[in-house]
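Let's take a walk through this structure together, one stop at a time. Have the sequence and the 3D view at hand as you read.

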Amino acid sequence: DFVTIGNVAGYPTISQYDSKKITNSLLGSFNLSFRNYLFLGVTGRNDWSSTLPADSWSYFYPSVSGGFLFTEAFKMDSKKLSYGKVRLSWAQVGNDTGPYQIAPTYSSIGAPWNGVSLFNLPGQLPPTGLKPEIATSLEGGLDLRFLNNRIRLDLSLYDIKTRNQIMPVDISTAAGYSSILINAGEIENKGMEIVLSAGVVQSPKGFNWDVTVNWAKNKNSVNELYGDLESLWISDMWSSYIEARPGEPYGVIRGKKWLRDESGNLVITAAGLTQQSPENSTLGNITPDFIWGVQNSFSYKGFSLGILIDGRQGGDIVSGTKFWGSRMGNTVLTTTDPFTGAGNVRETGIVVPGVLADGAPNTNRVTAQLFWNNYPRATEFMVMDGSFIKLRELSLTYEIPAKVTNKLGLYQARFSVSSR
């Protein structure tokens, strides 16, 4: 019963991985201001990365930004509008890949055989002509402050195009590999971000209440993929696939729908069960319509309370819990008829409204167990709205008065309790 690694049957699995990557960079910047209201900034950076082919080691990416502080330029000494600035920037950011991606390298596959260490080649074919990934962004913004900075509004609009994205693409295993790393295409993101903060209460008696609200919306699209690729696999789970497809938003969810006729009726088998469509269809998208958050901060005589609530509106998810729980009869969905709402399905069974192959109405009654074991198999059943509202964080802090910390030889001391 003595617990020791020596009592393990067979060979213990030991792994170790060392990698080396060299990146040399040269960075320059230039900043100019005119009368404290007009600003210009220019940067340029060149990287040399060992993870790219020799003819692509070097890549350059610049940026230009400007700002105009109009309240200073027009001498707007107003108590209502205490600060106003517009900004505009254009920038590029380069990116390489991980080490040992452009040449075949052997890796250990575990325990030795007959005293000989075993190695194999990776399943990913080394790329040829790989280029650095470049993201080009254009952003404009507006920063306003009111009532001596008591209220602040920050608005940003952006457009980001990422070309030559470095991603693995599936290939035929007849080549001896399952994937290849390539510059997959171009993806574009457009959106808006708004941050509004306010000192709601600023009491001379020590009570303060500050609120910060943020809201963001992003719209993305796959502008193009490599060569004649019609789709690019991102992830999959239980007959659902997340893909990038030209002309569609990034992260479409595809899978099987329930089979229906031209009139939209479910096509039922002779056994009285639903069936899946033969082809995959687009069922949703992982990108939310917008996200938001609200941070409340209260303080009074050394105590401070922070409450963070955030949420997401829209954006679909694929629920494995719904799939497996319903098939096993462990969700509340399985206690009722999903078509009529009847709650005695264990005793009466379920008649699926639809038509048979010959167009006749289905009248076959099946047990609830048989129905729920079959019905969730269509990917359409697993796709759910991903909207949520969460109490993200709750924190309480007490700051010990300075007269106490000074006696203890401390500069500052705080006690905090938080939950996330």
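Phe30, Leu32, Leu40, Val42, Val64, Leu88, Trp90 and Leu138 make up a nonpolar surface patch of about 680 Å². Keep in mind as you look around that the model is predicted.

Pick out Trp90 from that group. You'll find Trp90 in strand β4. Is Trp90 buried, exposed or something in between? With a relative accessible area of 33%, Trp90 is partly exposed, because anything between the buried limit of under 20% and the exposed limit of over 50% falls in that class.

Now move along to a sheet. Four strands form an open sheet in the order β14-β15-β16-β17, and the pairing is antiparallel. At the edges stand β14 (232-237) and β17 (276-285); each has a single partner strand, so one side of each is left without a neighbour in the sheet. From one strand to the next, the twist averages 35 degrees.

Zoom in on one end of that sheet. Strand β16 (residues 252-258) pairs with β17 in the antiparallel sense, over six bridges. If you'd like a landmark, find Val252, whose bridge partner in β17 is Asn285. In a regular strand, side chains alternate between the two faces of the sheet.

While you're here, look for Ser277, which also belongs to strand β17. Ser277 is buried, with a relative accessible area of 12%. What does the side chain of Ser277 reach? It's the backbone oxygen of Glu279, at 3.1 Å.

Strand β19 (residues 303-313) and strand β24 (residues 388-399) run antiparallel and are joined by ten bridges. Along this pairing, Gly306 stands opposite Ser395 in β24. Strand β24 is also joined to strand β25 (residues 414-419), again antiparallel, by six bridges. Here Thr397 stands opposite Ser416 in β25.

Next come the charged side chains. Side chains of opposite charge can pair when their charged atoms come close. How many salt bridges turn up in a search of the whole structure? The search finds twelve.

Glu399 and Arg414 meet through their side chains in a salt bridge, at 3.5 Å from N to O. Glu399 lies in strand β24 and Arg414 in strand β25, so this pair ties together parts that are 15 residues apart in sequence. Glu399 counts as partly exposed, at 31% relative accessibility, while Arg414 counts as exposed, at 52%.

For another example, go back to Glu72, which forms a salt bridge with Lys75; their closest N and O atoms are 3.5 Å apart. Glu72 counts as partly exposed at 29% relative accessibility, and Lys75 counts as exposed at 63%.

Last stop: Glu243 and Arg245. Their side chains meet in a salt bridge at 2.7 Å, N to O. Are Glu243 and Arg245 buried or exposed? Both are buried.

Terms used:
Residues numbered from 1 in each chain as written. Predicted model: local features only at pLDDT ≥ 70, side-chain atom pairs only at ≥ 80, totals over all residues. Heavy atoms only, no water. Pairing = 2+ DSSP bridges. Helix = DSSP H or I, 4+ residues; strand = E, 2+ residues; numbered from the N terminus. Axes fitted to C-alpha atoms, helices over the stretch in contact; angles between N-to-C directions. Patch = residues over 30% accessible without salt bridge, like charges linked within 9 Å, V, L, I, M, F, W, Y side chains within 5 Å. Areas by Shrake-Rupley, 256 points an atom, 1.4 Å probe, with all protein chains shown as cover. Salt bridge = Lys/Arg side-chain N within 4 Å of Asp/Glu carboxyl O. Buried < 20%, exposed > 50% of the residue type's maximum accessible area, 1.4 Å probe, protein only. Polar contact = N/O pair within 3.5 Å; in protein donor to acceptor, adjacent residues only side chain to side chain.
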